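Me: I would like to go through this structure in questions and answers, with each term given its cut-offs where it is used.

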Amino acid sequence: MSLSDEEILARFKEKDGQNYAFNLLVRKYQQKLYWVIRRLVIDHDDSNDLIQNVWVKVWQNLDSFKAESQLYTWLYRISANEALTFLNKKKKRFLLKLDDVESELSQKVEHDPGMTGDEMVMKLQKAIISLPEKQRLVFQMRYYDEMPYEQMSQVLKTSVGALKASYHHAAKKIEVYLTGPD
Amino acid sequence: MEIFKEMEEFDEFRNELEGISPVLSRLPRVNSFKVEDNYFEELPMVVMDRIHARKQRRGIDWSWLLQPKWSVAMAVCMIAVIFGSFLLVRNINTDKPMPVAQVQQLLAEPLSDESVIENVSTDDLVEALANAESTPTDAQKKKAADKKELENYIIDNVDESSIIDAL
């Protein structure tokens, strides 16, 4: 049974329908949100922890969700924030260890047994990882999720013009990386 | 209509990418990451278990106290309680007992009859006089009279032989 977001929210507001409605919500959006996180943090175990945190936060705050924005936009925002916060914490830890997150993520891409695709796809992943985090997020939202700029603007609270410029720069950098020497 | 809109957005997206990076636009957009089988079938149950475990562990959810309006109210209440406690402690300190040296000095001073009378209230005097009316002497007199009356009654009404039988 497929319910619209509005119907799911209405069921969630009924005390005896909370679990059922939330279950439907998780099933509806879990994959999209998981991939948002996974593409940012690369590692499955980290992604698994983060996606669970995201749903716990959604459960805690769904009551206060106001239908000013789309539910998906709101969920996307929580997921992206969770992943970026995780990466920032990791970066702070790495500052103490004289290492960097980017090379760690690159290594994970190379050695991840769950990673598929040819050499060019692998190179694309490494190119994406080389981008600054927020630019990476912008690129992924547009390139993989094909999100319209207006919706991206709602998620990231950034102007459409700035997002277009950021995507443009990101795609250019990736092209340079792909056509450059290994 | 929704499909047309999506197609339009896709064309816009493709043209945009082609304009920025022809190499990137020719690459297949595949998801190169994988998850184990059944991961997404099991995830909702894992999430619900975690939420219920958290609810049970917490019991009462106090997170509402962290909301700005409640935290301000709590801060005001705490200030009121601290201020009230301060006043209370100050009042208790003013009722503290007289130092021993001062008490001894007061006891050493001789008291005149006038000062005793001045310090005794009218109520205390009335109570003292009421107690004086029922002195132990009167009570004893009454008891003795009752005893005599009982003896006379026994002598007049009880046969001597029945007392001997009873004993």
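Me: How are α2(A) and α3(A) oriented to each other?
Reply: In this predicted model, the axes of α2(A) and α3(A), which are lines fitted to C-alpha atoms over the stretch in contact, with angles from 0 to 180 degrees between N-to-C directions, come within 9 Å and cross at roughly 140 degrees. Angles under 35 degrees count as roughly parallel, over 145 as roughly antiparallel, 65 to 115 as roughly perpendicular and the rest as oblique. The two helices α2(A) and α3(A) are therefore oblique.

Me: Which conventions apply to the numbering and to the confidence limits?
Reply: Residues are numbered from 1 along each chain as its sequence is written, while chains are lettered from A and ligands numbered from 1 in the order in which they are written. As this is a predicted model, totals for chains, interfaces and linings use all residues, whereas side-chain atom pairs count only at pLDDT 80 or more and local features need pLDDT of at least 70.

Me: Which residues of α3(A) does α2(A) meet?
Reply: Contact here requires that the C-beta atoms of two residues, placed from the backbone, lie within 7 Å. By class, the contact of α2(A) with α3(A) has 11 nonpolar, 2 polar and 2 charged residues, where Ala, Val, Leu, Ile, Met, Phe, Trp, Tyr, Cys and Pro count as nonpolar, Asp, Glu, Lys and Arg as charged, and the others, Gly among them, as polar. From α2(A) come A:Phe22, A:Val26, A:Leu33, A:Tyr34, A:Ile37, A:Arg38 and A:Val41, and they meet, in α3(A), A:His44, A:Asp46, A:Ser47, A:Leu50, A:Ile51, A:Val54, A:Trp55 and A:Trp59.

Me: Is A:Ile42 buried or exposed?
Reply: A:Ile42 is found in the loop between α2 and α3 of chain A, and its phi is near 70 degrees, a positive value in a residue other than glycine. A residue is buried if 20 or more other C-beta atoms lie within 10 Å of its own, exposed if 12 or fewer, and partly exposed in between, with C-beta atoms placed from the backbone. Because A:Ile42 has 23 C-beta neighbours inside 10 Å, this residue counts as buried.

Me: Is B:Asn38 buried or exposed?
Reply: B:Asn38 lies in the loop between α2 (22–26) and α3 (39–58) of chain B, and phi of B:Asn38 is near 70 degrees, again a positive value in a residue other than glycine. Because B:Asn38 has 8 C-beta neighbours inside 10 Å, it counts as exposed.

Me: Which helix gives the most to the side of chain A that touches chain B?
Reply: In the interface, 31 residues of chain A are in contact with 25 residues of chain B. The helices α2 (18–41), α3 (44–61), α6 (119–129) and α9 (160–179) of chain A each supply at least two residues of that side, helices being DSSP runs (H or I, at least four residues) numbered from the N terminus. The helix that gives the most, with 8 residues, is α2(A).
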